[in-house]
Amino acid sequence: MSSKDGSWIQRIPKSEAENEKDFYLTPLISIFPLLDYMKGAFPRDAKILDFSSGTGNFKKVLGTHFTNITEIDLYMEEPYIDFLTYEPTERFDVILGNPPYKSKFKFIDKARDLCDTVIVLLTAQSESYKIISEKYKDIPDYVGKITCYPKFFMSQEECVDGGVKFGGTTNYTYLIWTKGASFDIKFEIMSDIRKYADVTKELLGGY
Ligand SMILES: C[S@@+](CC[C@H](N)C(=O)[O-])C[C@H]1O[C@@H](n2cnc3c(N)ncnc32)[C@H](O)[C@@H]1O
(Lines give C-alpha, C1' and ligand atoms only; values in the text may rest on other atoms or scores of the structure.)
Protein backbone atom coordinates (compact mmCIF):
# COMPACT_ATOMS: atom_id res chain seq x y z
CA MET A 1 0.00 0.00 0.00
CA SER A 2 1.39 3.38 -0.97
CA SER A 3 2.04 5.89 1.77
CA LYS A 4 0.65 8.86 -0.18
CA ASP A 5 -1.85 10.70 1.98
CA GLY A 6 -5.18 8.95 2.13
CA SER A 7 -4.03 6.14 -0.10
CA TRP A 8 -4.27 3.58 2.70
CA ILE A 9 -8.02 3.54 2.23
CA GLN A 10 -8.42 1.12 -0.61
CA ARG A 11 -6.41 -0.19 -3.47
CA ILE A 12 -8.23 0.34 -6.76
CA PRO A 13 -7.45 -2.37 -9.30
CA LYS A 14 -7.33 -1.40 -12.94
CA SER A 15 -6.44 -3.45 -15.97
CA GLU A 16 -6.97 -3.46 -19.72
CA ALA A 17 -9.90 -5.90 -19.41
CA GLU A 18 -11.52 -3.82 -16.70
CA ASN A 19 -11.29 -0.76 -18.94
CA GLU A 20 -13.37 -2.50 -21.59
CA LYS A 21 -16.11 -3.18 -19.08
CA ASP A 22 -15.95 0.40 -17.87
CA PHE A 23 -15.27 -1.04 -14.43
CA TYR A 24 -14.08 1.34 -11.80
CA LEU A 25 -14.22 0.29 -8.20
CA THR A 26 -16.45 2.44 -6.02
CA PRO A 27 -14.34 3.12 -2.93
CA LEU A 28 -16.08 1.80 0.17
CA ILE A 29 -15.49 5.06 2.00
CA SER A 30 -17.55 7.00 -0.53
CA ILE A 31 -20.64 4.88 0.24
CA PHE A 32 -20.97 5.66 3.97
CA PRO A 33 -22.54 9.12 3.48
CA LEU A 34 -25.21 7.41 1.37
CA LEU A 35 -25.81 4.82 4.10
CA ASP A 36 -26.32 7.59 6.65
CA TYR A 37 -28.80 9.38 4.41
CA MET A 38 -30.70 6.22 3.47
CA LYS A 39 -31.08 5.06 7.09
CA GLY A 40 -33.24 8.14 7.70
CA ALA A 41 -35.12 7.95 4.41
CA PHE A 42 -36.09 4.29 3.84
CA PRO A 43 -37.19 1.30 5.94
CA ARG A 44 -34.63 -1.44 6.58
CA ASP A 45 -36.45 -3.85 4.29
CA ALA A 46 -36.74 -1.42 1.36
CA LYS A 47 -36.21 -3.25 -1.93
CA ILE A 48 -32.98 -1.91 -3.34
CA LEU A 49 -31.36 -2.64 -6.71
CA ASP A 50 -27.69 -1.92 -7.47
CA PHE A 51 -27.78 -1.71 -11.27
CA SER A 52 -24.04 -2.20 -11.87
CA SER A 53 -22.76 -3.93 -8.78
CA GLY A 54 -19.22 -4.84 -9.89
CA THR A 55 -17.43 -6.16 -6.81
CA GLY A 56 -20.48 -5.48 -4.66
CA ASN A 57 -19.23 -2.58 -2.59
CA PHE A 58 -22.65 -0.93 -2.26
CA LYS A 59 -24.06 -4.13 -0.78
CA LYS A 60 -21.05 -4.45 1.53
CA VAL A 61 -21.79 -1.06 3.06
CA LEU A 62 -25.57 -0.70 2.69
CA GLY A 63 -26.01 -4.35 3.68
CA THR A 64 -24.76 -3.50 7.19
CA HIS A 65 -28.25 -2.02 7.69
CA PHE A 66 -30.55 -2.82 4.75
CA THR A 67 -31.80 -6.36 4.33
CA ASN A 68 -33.15 -6.54 0.77
CA ILE A 69 -30.50 -5.67 -1.81
CA THR A 70 -30.43 -7.15 -5.32
CA GLU A 71 -27.31 -6.83 -7.47
CA ILE A 72 -26.92 -7.07 -11.21
CA ASP A 73 -23.91 -6.51 -13.46
CA LEU A 74 -23.26 -7.25 -17.10
CA TYR A 75 -19.74 -8.59 -16.62
CA MET A 76 -19.09 -9.28 -12.97
CA GLU A 77 -22.20 -10.80 -11.41
CA GLU A 78 -23.90 -13.94 -12.66
CA PRO A 79 -26.26 -14.26 -14.51
CA TYR A 80 -24.67 -11.24 -16.27
CA ILE A 81 -27.61 -8.94 -16.82
CA ASP A 82 -27.51 -5.85 -19.03
CA PHE A 83 -29.32 -3.17 -17.06
CA LEU A 84 -30.11 -1.24 -20.22
CA THR A 85 -32.33 -4.08 -21.47
CA TYR A 86 -33.33 -5.36 -18.02
CA GLU A 87 -37.01 -6.03 -17.43
CA PRO A 88 -37.42 -6.76 -13.73
CA THR A 89 -40.36 -8.84 -12.61
CA GLU A 90 -40.55 -6.99 -9.29
CA ARG A 91 -40.81 -3.33 -8.25
CA PHE A 92 -37.88 -1.80 -6.42
CA ASP A 93 -38.19 0.99 -3.87
CA VAL A 94 -34.78 2.38 -4.77
CA ILE A 95 -32.52 1.84 -7.77
CA LEU A 96 -28.99 3.00 -7.19
CA GLY A 97 -25.38 2.55 -8.16
CA ASN A 98 -22.24 3.89 -9.72
CA PRO A 99 -22.97 3.50 -13.45
CA PRO A 100 -20.40 2.76 -16.13
CA TYR A 101 -18.99 6.15 -17.04
CA LYS A 102 -19.63 5.96 -20.76
CA SER A 103 -23.35 5.15 -20.47
CA LYS A 104 -24.22 6.99 -17.27
CA PHE A 105 -27.04 9.04 -18.82
CA LYS A 106 -28.67 5.93 -20.30
CA PHE A 107 -28.48 4.29 -16.86
CA ILE A 108 -30.08 7.29 -15.20
CA ASP A 109 -32.91 7.48 -17.74
CA LYS A 110 -33.60 3.74 -17.56
CA ALA A 111 -33.54 3.71 -13.76
CA ARG A 112 -35.95 6.64 -13.68
CA ASP A 113 -38.28 4.71 -16.01
CA LEU A 114 -38.25 1.72 -13.68
CA CYS A 115 -38.40 3.26 -10.24
CA ASP A 116 -39.66 6.28 -8.30
CA THR A 117 -36.46 6.76 -6.35
CA VAL A 118 -33.11 6.75 -8.11
CA ILE A 119 -29.74 7.48 -6.54
CA VAL A 120 -26.69 7.66 -8.77
CA LEU A 121 -23.10 8.12 -7.76
CA LEU A 122 -21.32 10.23 -10.31
CA THR A 123 -17.60 10.62 -10.30
CA ALA A 124 -16.11 13.35 -12.38
CA GLN A 125 -13.49 16.01 -12.60
CA SER A 126 -14.85 19.37 -11.49
CA GLU A 127 -15.72 20.81 -14.89
CA SER A 128 -17.56 17.83 -16.29
CA TYR A 129 -19.38 17.40 -12.99
CA LYS A 130 -20.76 20.92 -13.36
CA ILE A 131 -22.18 19.95 -16.75
CA ILE A 132 -23.82 16.84 -15.30
CA SER A 133 -25.27 18.79 -12.41
CA GLU A 134 -26.63 21.48 -14.76
CA LYS A 135 -28.18 18.87 -17.02
CA TYR A 136 -30.33 17.50 -14.23
CA LYS A 137 -30.93 20.35 -11.85
CA ASP A 138 -34.27 21.50 -13.28
CA ILE A 139 -35.96 18.13 -13.39
CA PRO A 140 -38.81 18.62 -10.90
CA ASP A 141 -38.25 15.38 -9.01
CA TYR A 142 -34.52 15.93 -8.57
CA VAL A 143 -34.50 16.29 -4.82
CA GLY A 144 -31.00 16.35 -3.67
CA LYS A 145 -27.39 15.57 -3.72
CA ILE A 146 -24.81 14.26 -1.35
CA THR A 147 -21.36 15.58 -2.03
CA CYS A 148 -18.37 13.82 -0.58
CA TYR A 149 -15.35 15.93 0.30
CA PRO A 150 -12.43 16.32 0.14
CA LYS A 151 -12.19 15.48 -3.53
CA PHE A 152 -10.23 12.42 -4.50
CA PHE A 153 -7.23 12.23 -6.75
CA MET A 154 -7.88 9.18 -8.89
CA SER A 155 -6.00 9.14 -12.15
CA GLN A 156 -5.38 5.68 -13.51
CA GLU A 157 -1.74 5.71 -12.40
CA GLU A 158 -2.78 6.61 -8.89
CA CYS A 159 -5.39 3.88 -8.92
CA VAL A 160 -2.84 1.26 -9.84
CA ASP A 161 -0.17 2.46 -7.49
CA GLY A 162 -1.86 4.08 -4.61
CA GLY A 163 -5.59 3.60 -4.30
CA VAL A 164 -7.63 6.54 -3.13
CA LYS A 165 -5.82 9.74 -2.40
CA PHE A 166 -7.44 12.91 -1.11
CA GLY A 167 -6.73 16.39 -2.34
CA GLY A 168 -7.38 15.84 -6.03
CA THR A 169 -10.04 16.97 -8.47
CA THR A 170 -12.47 14.07 -8.63
CA ASN A 171 -15.93 14.75 -7.24
CA TYR A 172 -17.89 11.90 -5.69
CA THR A 173 -21.48 13.06 -5.72
CA TYR A 174 -24.79 11.29 -5.39
CA LEU A 175 -27.78 12.72 -7.24
CA ILE A 176 -31.17 11.69 -5.88
CA TRP A 177 -34.55 11.75 -7.59
CA THR A 178 -37.93 10.91 -6.11
CA LYS A 179 -40.95 11.11 -8.39
CA GLY A 180 -43.71 13.31 -7.10
CA ALA A 181 -41.29 15.36 -5.02
CA SER A 182 -41.35 19.11 -5.30
CA PHE A 183 -38.59 21.69 -5.50
CA ASP A 184 -39.00 22.90 -1.96
CA ILE A 185 -37.54 19.73 -0.49
CA LYS A 186 -34.34 20.05 -2.48
CA PHE A 187 -31.34 19.50 -0.25
CA GLU A 188 -27.61 19.18 -0.37
CA ILE A 189 -25.57 17.25 2.13
CA MET A 190 -21.86 17.93 2.30
CA SER A 191 -20.17 14.95 3.87
CA ASP A 192 -16.58 14.92 5.08
CA ILE A 193 -15.78 11.32 4.35
CA ARG A 194 -12.61 11.29 6.42
CA LYS A 195 -14.81 10.54 9.42
CA TYR A 196 -15.56 7.14 7.88
CA ALA A 197 -11.90 6.12 7.74
CA ASP A 198 -12.06 3.81 10.76
CA VAL A 199 -15.29 2.07 9.82
CA THR A 200 -13.94 1.58 6.27
CA LYS A 201 -10.78 -0.01 7.60
CA GLU A 202 -12.89 -2.25 9.79
CA LEU A 203 -14.99 -3.38 6.82
CA LEU A 204 -11.82 -4.08 4.85
CA GLY A 205 -10.55 -6.21 7.69
CA GLY A 206 -7.76 -3.77 8.51
CA TYR A 207 -4.23 -3.98 7.18
C1 LIG B 1 -18.21 2.08 -12.00
S2 LIG B 1 -18.31 0.33 -12.06
C3 LIG B 1 -19.24 -0.05 -10.60
C4 LIG B 1 -18.35 -0.57 -9.50
C5 LIG B 1 -19.07 -1.15 -8.30
N6 LIG B 1 -19.94 -0.19 -7.62
C7 LIG B 1 -18.02 -1.68 -7.33
O8 LIG B 1 -17.79 -1.11 -6.27
O9 LIG B 1 -17.33 -2.66 -7.69
C10 LIG B 1 -19.45 0.05 -13.36
C11 LIG B 1 -19.91 -1.38 -13.51
O12 LIG B 1 -20.86 -1.42 -14.56
C13 LIG B 1 -20.82 -2.72 -15.13
N14 LIG B 1 -21.54 -2.60 -16.41
C15 LIG B 1 -21.11 -2.08 -17.58
N16 LIG B 1 -22.10 -2.08 -18.48
C17 LIG B 1 -23.20 -2.62 -17.86
C18 LIG B 1 -24.54 -2.88 -18.27
N19 LIG B 1 -24.96 -2.56 -19.50
N20 LIG B 1 -25.41 -3.43 -17.37
C21 LIG B 1 -24.99 -3.72 -16.10
N22 LIG B 1 -23.72 -3.51 -15.67
C23 LIG B 1 -22.85 -2.95 -16.54
C24 LIG B 1 -19.34 -3.04 -15.19
O25 LIG B 1 -19.11 -4.43 -15.22
C26 LIG B 1 -18.86 -2.41 -13.88
O27 LIG B 1 -18.80 -3.38 -12.88
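This is a predicted model: local features need pLDDT of at least 70, side-chain atom pairs count only at pLDDT 80 or more; totals for chains, interfaces and linings use all residues.
Reader: Okay, let's pick one residue. Where is V118 found?

Author: V118 sits in strand 4, which covers residues 117–125.

Reader: And why does V118 count as buried?

Author: You count neighbours. A residue is buried if 20 or more other C-beta atoms lie within 10 Å of its own. V118 has 27 C-beta neighbours inside 10 Å, so it counts as buried. Across the protein chain, buried residues make up 34% of the 207 residues.

Reader: Which residues does V118 touch, if I skip those up to four places away in sequence?

Author: Look for I95, I108, A111, R112 and W177. Take I95: it is 23 residues from V118 in sequence, yet their C-alpha atoms are 5.0 Å apart in space. I95 has its own contacts beyond four places in sequence, including L49, F51 and L114.

Reader: What about the largest nonpolar core: how many residues does it have?

Author: That core has 40 residues, and V118 and I95 are among those with the most contacts inside it. Elements giving two or more residues to this core include helix 4 (104–114), strand 3 (94–97) and strand 4.

Reader: Last one: how many residues surround the ligand?

Author: For a ligand, you read the shell of residues around it. Here 22 residues surround the ligand, and the closest are T26, S52, G54, T55 and N57. The shell divides into eleven nonpolar, seven polar and four charged residues.

Technical notes
Residues are numbered from 1 along each chain as its sequence is written. A residue is buried if 20 or more other C-beta atoms lie within 10 Å of its own, exposed if 12 or fewer, and partly exposed in between; C-beta atoms are placed from the backbone. A residue is near a molecule or strand if its C-beta atom, placed from the backbone, lies within 6 Å of it. Ala, Val, Leu, Ile, Met, Phe, Trp, Tyr, Cys and Pro count as nonpolar, Asp, Glu, Lys and Arg as charged, and the others, Gly among them, as polar. Helices (H or I, at least four residues) and strands (E, at least two) are DSSP runs, numbered from the N terminus. Two residues are in contact if their C-beta atoms, placed from the backbone, lie within 7 Å. A nonpolar core is a set of buried Ala, Val, Leu, Ile, Met, Phe, Trp, Tyr and Cys residues joined through C-beta atoms within 7 Å.
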